[in-house]
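Subject: Structure for your review

Dear colleague,

Please find below the structure that I am handing over to you, with its sequence. My findings follow it.

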Amino acid sequence: MKHYLSVNDIDNLTDWVKEARDIKANPTQFKTLGEGKTICLLFFNNSLRTRLSTQKAAINLGMDVIVMNFGGEGWALEYVDGTIMDQGKAEHVKEAAQVVSQYADIIAIRAFASLEDKKQDESEEVLMAFTKYATVPIVNMESSVGHPLQALADAITLNEANTKKKPKVVLSWAPHPRALPHAVANSFVQMMQLQDADFVITHPKGYELDTRITKDSKIEHDQNKALEGADFVYVKNWSSYSDYGKVLNEDKNWTITKKKLGNAKFMHCLPVRRNVIVTDEVLDSEQSIVIEQANNRTFSAQTVLKKILENL
Ligand code: CP
């Protein structure tokens with residue numbers, strides 16, 4: 001594998017999850033694979049889990065890690081070819097991507113959607129520009145459209161916690177005061193489409209995700225109906241896709257409560273707003289597996305980095 005840009009780069013999810021669980025059982029077993037290699041993590045947005053788990057994964061593989069908060073510390077980058085750069089942008093991504101490639105064997109990038117310009121967000125401007133101009137592999141640490149490292153961690157967590165041949169897994173929208181991107185939900189849907197599961201998406205009308213991603217996944221607008229008999233409830237807020245980036249609904253009736261959850265396991269990528277997305281009672285119960293999801297971010301990243309290192 002050269003790059004890890006989306007869930008589509010997973011050639012066999014079952015094998016990848018198996019490999020990740022094997023790595024988790026002995027995280028330093030491939031400590032020599034990354035010796036003498038450097039990964040550079042570029043953050044255009046904030047992070048806790050992605051930043052620390054990707055560093056931890058690289059360290060477990062024997063790599064050196066360089067981290068840069070590009071948003072606050074780097075030169076403002078120009079992405080448009082042929083621009084007369086006489087305004088605020090100090091450096092073109094053409095040089096920046098090639099320069100970072102001199103210092104690192106792998107570049108990982110976090111660059112969220114602006115939620116202001118749908119076309120620009122869908123072009124994955126930052127991720128694609130680095131993929132085009134860097135001379136080393138690129139890893140997506142959450143882009144405008146996807147969060148494939150999170151989706152792989154979610155697949156590992158589901159595999160560990162599942163006891164059924166075909167579990168019922170529900171992706172439920174929940175309220176949030178701010179407009180959030182679609183990346184986590186998109187990648188979770190794409191990952192679930194690779195699973196043998198009864199998968200249902202539930203959200204208020206107006207919150208339909210991109211149909212090029214949901215394809216023929218089942219959608220149920222009645223949350224209580226969708227949650228009936230669920231084994232896993234994955235909860236996430238996202239803003240409207242059709243009325244791009246808008247918050248149309250803050251209906252607290254969509255907050256996940258113990259009653260709504262039933263006997264299901266609760267999943268969320270974190271960070272989560274308590275008593276907005278989900279009640280304290282759920283998060284503090286044994287049914288919540290969010291901490292194990294966060295733990296599995298290390299083994300998701302380690303699986304991806306291992307595959308890239310083996311191909312360098
Ligand atoms: N889930 C996730 O990506 O967390 P961070 O935004 O803290 O990295």
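The domain bounds used in this message come from an automatic or database domain assignment. The model itself is predicted.

On that assignment, the protein chain is divided into two parts: domain 1 comprises 7-146 + 296-309, and domain 2 comprises 148-293. Their C-alpha centres are 25 Å apart. Across the boundary, 30 residues of domain 1 are in contact with 24 residues of domain 2. On the side of domain 1 that touches domain 2, the elements that give two or more residues are α1 (13-25), α2 (49-60) and α13 (290-310). The greatest share comes from α13, with seven residues. Sorted by class, this side of domain 1 holds 15 nonpolar, eight polar and seven charged residues.

I turn next to the sheets. One of them is an open sheet of four strands, paired in parallel, in the order β2-β1-β5-β6. Its edge strands are β2 (64-68) and β6 (138-140), each of which pairs on one side only. On average, and with direction ignored, neighbouring strands of this sheet are turned by 20 degrees against each other. Within the sheet, strand β1 (residues 38-43) runs parallel to strand β5 (residues 106-110), and five bridges join the two. For L41, the bridge partner in β5 is A108. Helix α6 (residues 125-133) lies across β5 and β6 and runs at about 165 degrees to β5. The loop between α5 (118-122) and α6 contains E124. Although E124 is not a glycine, its phi is positive, at about 50 degrees.

Another open sheet has five strands in the order β9-β8-β7-β10-β11, again with parallel pairing. Because β9 (218-219) and β11 stand at the edges with a single partner strand each, one side of each is left without a neighbour in the sheet. The partner of β9 is strand β8 (residues 198-202); the two pair in the parallel sense over two bridges. In this pairing, V200 stands opposite K218 in β9. Helix α8 (residues 183-192) lies across β7 (168-173), β8 and β10 (232-236), and its direction is at about 165 degrees to β7.

The surrounding residues are S47, L48, R49, T50, E142, Q150, C269, L270 and P271. By class, the shell divides into four nonpolar, three polar and two charged residues.

Two of the residues named for the shell, L270 and P271, also deserve a look at the backbone. The peptide bond from L270 to P271 is cis, with omega near 5 degrees. P271 is found in the loop between β11 (265-267) and α12 (280-283).

Finally, there is a record to set beside the model. An unreviewed UniProt entry places the feature "domain: Aspartate/ornithine carbamoyltransferase Asp/Orn-binding" at residues 184-306. In the model, the end C-alpha atoms of residues 184-306 lie 23 Å apart, and the span is 35% helix and 12% strand.

With kind regards

How values were computed
Residues numbered from 1 in each chain as written. Predicted model: local features only at pLDDT ≥ 70, side-chain atom pairs only at ≥ 80, totals over all residues. Pairing = 2+ DSSP bridges. Axes fitted to C-alpha atoms, helices over the stretch in contact; angles between N-to-C directions. Contact = placed C-beta atoms within 7 Å. Nonpolar A, V, L, I, M, F, W, Y, C, P; charged D, E, K, R; others polar. UniProt positions renumbered as here; feature names shortened; annotations may be inferred. Near = placed C-beta within 6 Å.
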